[in-house]
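These notebook entries record what I looked up in one structure. I kept each entry brief.

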Amino acid sequence: MRHSQVPSGYVTYAFTNRTPHMRLTRAAFRWLQEQIDKLANLSLAASEADYLKNTCTYFNDAYLRFFTSFRLRPSENVRASFTLLEDTGSQDDVGDLSLDISGRWLDTILYEIPLLALTSEAYFKFCDKDWTYRNQQDRAYIKGRKLLEHACIFSEFGTRRRRDYHTQDLVIQGLQRAAADCQTQGWKGKLSGTSNVHFAMKYGIPPVGTVAHEWFMGIASITNDYEHANETALRYWVGCFGKGVLGIALTDTFGTPTFLKAFKRTMPTPANSMADDKHTLIPGAASPPLPPPPQDVNGTTADDTSDEQSYAQIFQGVRQDSGNPTEFVTMMRDFYKRQGIREKKTIVFSDSLNIDLCLAYKHAAEEAGFAPTFGVGTFLTSKEPLHTYTHAYTPLEVRPPFSSKLMPLLLPKK
């Protein structure tokens, strides 16, 4: 999306630690800096490029060619600093971490996940070491089995806050075991995939995910038009990928009520697109895209005589990622009813889940006529009992929001 539509947007991000009492040590920061530097060595292997081409068919050839030659440049894009609370000279001295990322949106978007995963790993490698790999796979198996027994459809979303790579690997192995039991027993649940494409490739499960908050935030910032940002983001998304592809909409970037005002609008067609261009054009980008024309059974482009559709009709469903989930279910039920949409829609729940919450939200969603699914992250890869369990465990909560407006690269950096 950024490759084809917004190649020259300039952006800065800033790291935010949402659990400020959980700080890194001097040794943890030095290790983290070394790992950040090593990101420059990453490249897409030929087998990985083939996997993306054959599995993620919504990536076009131009993007895959770009991605094959793409390299992260942390020495240019990432600035890490560490402010000690008290300097005793010890490697165990603690302090506050700062991470600032800057550059073209196209070049910096891929830093988010590895930086957050590495920061979490640094914390659990040097600061909170009261945990073990022992029984991690079995615990994930038990959790997955309970979800599947209760007919939950869920995916693994745990990369950002995992304790380390091996922990996530063990978790997915446990979930795979549970999925095998599900198939043998004939349960109605399903492990639908993982948001980690590497592990999806390694274990032969689907890579899954939804649009991110950053897409809407970036569109709002680069257009400086928050009023129409939701609609602009939706239009470019559908125009890039097509109807029915990656069709779960994220509603809460600027508040769900505001999002729904855009969601009920009609997706432009060739006949009416010019009327909408004024408010849904990204400066410096290509003209607002239109969904690919329909094809007949022989694959030939057919006349576009289909009725106009709203974004709410086009998208398969929505994702709930903040606020009260049961109130969200009611809000979406009432919204679809007002729009006269009777097709069964999906709600993806992804906010601070555990087994009991998944079961409660599943019941509420099904009662309202939705098909519920779940993106489960921290509960699987980070919220395991400690080696010596003496208190409730809190994962390291980190997130890198936009910290400035996007600007065309032609403008000098201020």
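**Entry 1: a loop leucine.** I began with Leu246, which is partly exposed at a relative accessible area of 27%. For these classes I used a 1.4 Å probe on protein chains only: buried is under 20% relative accessible area, exposed is over 50%, and partly exposed is in between. Leu246 lies in the loop between α12 (229-241) and β8. I noted a positive phi of about 50° for Leu246, although it is not a glycine. Helices (H or I, at least four residues) and strands (E, at least two) are DSSP runs numbered from the N terminus.

**Entry 2: basis of the work.** I record that this is a predicted model, in which local features need pLDDT of at least 70 and side-chain atom pairs count only at pLDDT 80 or more, while totals for chains, interfaces and linings use all residues. Residues are numbered from 1 along each chain as its sequence is written, and side-chain values use heavy atoms, with hydrogens and water left out.

**Entry 3: overall counts.** I found 18 helices and 13 strands in the protein. Of its 414 residues, 49% are buried. I then took the contacts (heavy atoms within 4.5 Å). Among contacts with a separation of 6 or more, 79% are between residues 24 or more positions apart.

Entry 4: I located Ser352 in the loop between β10 and α17. Ser352 is exposed, with a relative accessible area of 58%.

Entry 5: I next examined β10 (residues 346-349). Thr346 and Val348 point one way from this strand, Ile347 and Phe349 point the other way, and all are buried. In a regular strand the side chains alternate between the two faces of the sheet. For pairing, I required that DSSP find at least two bridges between two strands. Strand β9 (residues 317-320) runs parallel to β10 and is joined to it by four bridges; Gly317 has Thr346 as its bridge partner. Four bridges also join β10 to the parallel strand β11 (residues 371-376), where Pro372 is the bridge partner of Ile347.

I then followed the crossovers. A right-handed β-α-β unit is made by β9, helix α16 (residues 325-338) and β10. Another right-handed unit consists of β10, helix α17 (residues 355-367) and β11. Right-handed here means that, with the strands pointing away from the viewer, the path from the first strand over the helix to the second runs clockwise.

**Entry 6: salt bridges.** How many salt bridges does a search of the whole structure find? I recorded 17, taking a salt bridge as a side-chain nitrogen of Lys or Arg within 4 Å of a carboxyl oxygen of Asp or Glu.

Asp169 forms one with Lys202, the closest N and O atoms being 2.7 Å apart. Asp169 lies in helix α9 and Lys202 in helix α10 (residues 197-203), so this pair ties together parts that are 33 residues apart in sequence. Asp169 is buried at 6% relative accessibility, whereas Lys202 is partly exposed at 44%.

Arg265 forms a salt bridge with Glu231, with the closest N and O atoms 2.8 Å apart. Because Arg265 lies in the loop between α13 and α14 (273-276) and Glu231 in helix α12, the pair ties together parts that are 34 residues apart in sequence. Arg265 is partly exposed at 37% and Glu231 is buried at 4%. I also noted one network, in which salt bridges that share partners join Arg73, Glu76, Arg104 and Asp107. Within it, the side chains of Arg73 and Glu76 meet at 3.1 Å, N to O.

**Entry 7: buried charges without a salt bridge.** For this entry Lys and Arg count as positive and Asp and Glu as negative; His and the chain ends are not counted. Asp252 is buried yet has no salt bridge, and its nearest side chain of opposite charge, Arg319, is 6.8 Å away. I did find a polar contact between the side chains of Asp252 and Ser322 (2.5 Å). A polar contact is a pair of N or O atoms within 3.5 Å; within protein, one must be able to donate a hydrogen and the other to accept it, and residues adjacent in sequence count only if both atoms are side-chain atoms.

Arg162 is likewise buried with no salt bridge; the nearest side chain of opposite charge, Glu121, is 5.2 Å away. I placed Arg162 in the loop between β6 (153-156) and α9 (165-185).
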